[in-house]
Amino acid sequence: MVLMYRNGSWIKIATLSLIGVSSVVWFVSRGLLRRVFKYVVVGVLIFALSFSAFEGYLFRHSTSYPPTFDSQPGVTLSYPNILNVSLTELVQDVKNTHAFKLLMLEYPNEIIIDSIGLSTMGNGGGIRVVFYQEPSVFLSFHAYRGGPYYVSGGPSNDMMSMSRFARSQTQEAVLKQIDTLGLQWYYDRAVEAYQNRTGIDLEVNELTITLFSFQPSYPEAQLQITGLHKDEQNSLFAFNAFFHPNGTLYRISTPT
């Protein structure tokens, strides 16, 4: 999938501009100059097609290896391994991919984290790291079913354009704060709150964990943990817990 953005990459803009200018010169010129620009147009077209093919391949196969959070074949995340994930290491692994480095070459504007999602649901679980780039582009790195990251993206909507990641703290500070406590710690607090509210011993075997950027109405990063119990027939909702990065549980919802 070749990404097409409202504010396209400077490489693509420069290539299209060179094709346009060279084509005009080719059509209006004569003799040696015409032959020279004919080869220029052909050469730039070959480069454009080759670059698009390379980019498309790289975005479908961002790395030659899958994220290593589970030893089972065909599985990206499972319970309880999801609780051992370091968000700092996860983001750094994404930034180390060839696809991310190519995107930074093409789109050199400021980039911030929009959200991080971890899930054991589905066949093999999945990871998604979404970046927001000034002024209006989002980039999503997604790995699932034991496969490597692939990249998608496009122009952001108005709500995403208003979103930012914890301006009161740096992104690195938020991720470090969460990693210092550990996802297991947040999960234990959520289970404890659930049991205090319902008086029921909880059996959870599926989890979804999401770190959101702050919204205009709430200028803080939010860590959401959704716990479910999956039996042979379906998954039953257990709780939805929302934390501040410092570990404060400010809301939890349960079926009862």
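An axis here is a line fitted to C-alpha atoms, for a helix over the stretch in contact, and the angle between two axes runs from 0 to 180 degrees between N-to-C directions. Keep that in mind during this tour, and remember that the model on your screen is a predicted one.

**The whole chain**

If you consider the contacts between residues at least 6 apart in sequence, 60% of them join residues that are at least 24 apart.

**Helices α6 and α7**

Next, select residues 171-181, which form helix α6, together with residues 183-198, which form helix α7; their axes come within 5 Å and cross at roughly 70°. Angles of 65 to 115 degrees count as roughly perpendicular, and so α6 is roughly perpendicular to α7. Now show the side chains where the two helices meet: Gln 177, Ile 178 and Leu 181 belong to α6, while Leu 183, Trp 185 and Tyr 186 belong to α7. Sorted by class, this contact holds five nonpolar residues and one polar residue, with no charged residues.

**Helices α3 and α6**

The axes of α3 and α6 come within 8 Å and cross at roughly 135°, which makes α3 oblique to α6. On the α3 side the contact is made by Leu 87, Thr 88 and Val 91, and on the α6 side by Leu 175, Lys 176, Ile 178 and Asp 179. Four of the residues in this contact are nonpolar, one is polar and two are charged.

**A stop at Asp 93**

Is Asp 93 buried, exposed or partly exposed? Its relative accessible area is 39%, so Asp 93 is partly exposed, given that buried means under 20% and exposed means over 50%. Then draw a distance from Asp 93 to Pro 67: the two are 26 residues apart in sequence, yet 8.2 Å apart in space, C-alpha to C-alpha.

**The nonpolar core**

Finally, select Leu 90, Ile 116, Leu 118, Phe 131, Phe 141, Leu 211 and Phe 239, which touch the most other members of the largest nonpolar core, a set of 53 residues. Helix α7 supplies the largest share of this core, with seven residues.

Definitions and conventions
Residues numbered from 1 in each chain as written. Predicted model: local features only at pLDDT ≥ 70, side-chain atom pairs only at ≥ 80, totals over all residues. Heavy atoms only, no water. Helix = DSSP H or I, 4+ residues; strand = E, 2+ residues; numbered from the N terminus. Parallel < 35°, antiparallel > 145°, perpendicular 65-115°, else oblique. Contact = heavy atoms within 4.5 Å. Nonpolar A, V, L, I, M, F, W, Y, C, P; charged D, E, K, R; others polar. Core = buried A, V, L, I, M, F, W, Y, C linked by side-chain atoms within 4.5 Å. Buried < 20%, exposed > 50% of the residue type's maximum accessible area, 1.4 Å probe, protein only.
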